[in-house]
Amino acid sequence: MPRESKRARLRRMHDEYTILCRVIPEPACALDFDSPFQLLVATVLSAQTTDKRVNTVTPALFAAYPTPEALAAADPRLVEGIIRPIGFYHAKTRNIIALSAQLESRFAGQVPDTMEELVTLPGVGRKTANVVLGNAFDVPGFPVDTHVIRVTGRLRWRDDWNDPAPDPVRIEREITACFPPEEWTDLSHRLILHGRATCHARKPDCGTCPLNDTCPSAH
């Protein structure tokens, strides 16, 4: 395959994204939430597990602890009992209780709406912060998870597509430079949904993939 110029790659990226927009017209966050606080906690809980599994424990968690104040004062053993099915429940319990306490002590019980403040909370990295910004506050955010890493690599949307351990921050910077900020949140959603439905980790379903004609990894 001849080397693709940056201009040609950018044109292909936008053509492929247009197809994803048609195939996935209304992307949405897979986590169930009713407030920025619920989304923040749910996203922290989603590390190393699936959003679907997180959605099975959060109704009971938020019924018992509906506010940062309530969760900050919770008995860790009771919280662990609720979230045990999602795994890593010791560390996740510590994080969601600690971040709730900091929301109370530092932010008057409100979830901050800036990247700089969000990443100072326990258990919150750029990916979690981007999820909260984009889905709770409509602030442009581009969460880079394993699906985004895999799909952008196979599509060769980024220079380090062949790197076995790419830097998520570099991926975020490179991909968002190619799209307007108002597209970032839905772009991430669509890449994630495409990864879950078609571009599977072990064996991508190239035969039914709508991007099959132009994807460099399919030929």
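The model is a predicted one, and its protein chain contains 11 helices and zero strands, so that, read from the N terminus on, the order of elements is α-α-α-α-α-α-α-α-α-α-α. For the 219 residues of the protein chain the globule rule gives 17 Å, and because the radius of gyration, 19 Å, is close to that value, the chain is as compact as a globular protein of that length. The C-alpha trace spans about 60 × 30 × 30 Å along its principal axes. Among the contacts in the protein chain with a separation of 6 or more, 59% are accounted for by residues 24 or more positions apart.

Of the 219 residues, 45% count as buried, while the protein chain as a whole exposes about 11400 Å², of which carbon and sulfur atoms supply 53%.

How many disulfides does a search of the whole structure find? The search finds zero. Cys21 is in no disulfide, the nearest cysteine sulfur being that of Cys209 at 14 Å, and with a relative accessibility of 24% Cys21 counts as partly exposed. Cys209 is likewise in no disulfide, although here the nearest cysteine sulfur, which belongs to Cys215, is 6.3 Å away; a disulfide would require the two sulfur atoms to be within 2.5 Å. With a relative accessible area of 17%, Cys209 is buried.

Conventions:
Residues numbered from 1 in each chain as written. Predicted model: local features only at pLDDT ≥ 70, side-chain atom pairs only at ≥ 80, totals over all residues. Heavy atoms only, no water. Buried < 20%, exposed > 50% of the residue type's maximum accessible area, 1.4 Å probe, protein only. Helix = DSSP H or I, 4+ residues; strand = E, 2+ residues; numbered from the N terminus. Rg over C-alpha atoms; globule rule 2.2 N^0.38 Å. Contact = heavy atoms within 4.5 Å. Areas by Shrake-Rupley, 256 points an atom, 1.4 Å probe, with all protein chains shown as cover.
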